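Reader: I am new to this structure. Please take one part of it and go through it closely.

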Amino acid sequence: MPAAPDLINLGFLSDSERELILEVLRRDQELRMVEDQRVRKLKKELLEVKRKGAKRGSGNYSDRSCGRCQEPLSRLPVFSNQCKMCNHYVCRNCQTFLPNGSWLCSVCTQEM
Ligand SMILES: [Zn+2]
Ligand SMILES: [Zn+2]
């Protein structure tokens, strides 16, 4: 009669071994909480970047400034500075290169 595989039976362990396992589980949970906070912080930063960088169709929208940090772009070549995903023109600092040689702006990279 095989034991149910999804039931962890700690009965055969000594007290110290049981302590050790519980300690590992505790630490695992702590790590997960830290990771959780990190993700939440990243999302907040992303929203912040979006809020600052989002351009409207009207107002002082310009192809000559970075769509993310508003840094003025050099006059040439504008075409190569256009993000393939959101179509914003972004400066070198806001371009993140991908392993395949292409690049996306800082916001689109985080959304992938
Ligand atoms: Zn920029
Ligand atoms: Zn983009």
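Which residues is Cys105 in contact with, leaving aside its neighbours within four places in sequence?

Author: Cys105 is in contact with Arg68, Cys83, Cys86, Val90 and Cys94, once neighbours within four places in sequence are left aside. Contact here means heavy atoms within 4.5 Å. Before going on, a word on the basis. This is a predicted model, in which local features need pLDDT of at least 70, side-chain atom pairs count only at pLDDT 80 or more, and totals for chains, interfaces and linings use all residues. Residues are numbered from 1 along each chain as its sequence is written, chains are lettered from A and ligands numbered from 1 in the order in which they are written, and side-chain values use heavy atoms, with hydrogens and water left out.

Now the metal. Donors are N, O and S atoms within 2.8 Å of the metal (3.2 Å for Na, K and Ca); water is not among the atoms, so sites may look incomplete. Four donors count as tetrahedral if all angles lie between 85 and 135 degrees. Cys86 lies in the loop between helix H1 (15–53) and strand S1 (95–97), while Cys105 lies in strand S2 (residues 103–105), so the pair ties together parts that are 19 residues apart in sequence. Helices (H or I, at least four residues) and strands (E, at least two) are DSSP runs, numbered from the N terminus.

How buried or exposed are these two? Cys105 is buried, at 0% relative accessibility. Cys86 is partly exposed, with a relative accessible area of 26%. Buried means under 20% relative accessible area, exposed over 50%, and partly exposed in between (1.4 Å probe, protein chains only).

Most residues other than glycine have a negative phi. Asn87 is partly exposed, with a relative accessible area of 43%. Gln70 shows a phi near 70° too. Gln70 is found in the loop between H1 and S1, and at 37% relative accessibility it counts as partly exposed.

There is another zinc ion. The protein donors of the zinc ion (ligand 1) are Cys66 (SG), Cys69 (SG), Cys91 (SG) and Cys94 (SG), lying 2.3 Å from it. Its site is tetrahedral, with angles of 107 to 116° among the four donor atoms. The spacing of these donor residues in sequence is C-x2-C-x21-C-x2-C. Cys91 is buried, with a relative accessible area of 8%. Cys94 is buried as well, at 9%. Cys94 is among the contacts of Cys105.

Cys105 also belongs to the largest nonpolar core. A nonpolar core is a set of buried Ala, Val, Leu, Ile, Met, Phe, Trp, Tyr and Cys residues joined through side-chain atoms within 4.5 Å. This core has 14 residues, and those with the most contacts inside it are Cys66, Cys83, Val90 and Cys105. S2 and helix H2 (106–111) each supply at least two of its residues. The largest share, three residues, comes from S2. In soluble globular proteins, nonpolar side chains tend to be buried together.

S2 also holds Trp103. Trp103 is buried, at 7% relative accessibility. Residues up to four places away aside, Trp103 touches Ser80, Asn81, Gln82, Cys83, Val90, Gln95, Thr96, Phe97 and Leu98. Trp103 and Cys83 are 20 residues apart in sequence and 7.3 Å apart in space, C-alpha to C-alpha.

Last, the setting. The chain has two helices and two strands, in the pattern α-β-β-α along the sequence. Buried residues make up 21% of its 112 residues. The mean pLDDT of the chain is 80, and 77% of its residues reach 70 or more. pLDDT is the predictor's confidence in each residue, from 0 to 100. Over residues 57–61 pLDDT stays under 50, and the model has four contacts for them beyond four places in sequence.

Methods:
Tetrahedral: all angles 85-135°; square planar, octahedral: opposite > 155°, others 65-115°.
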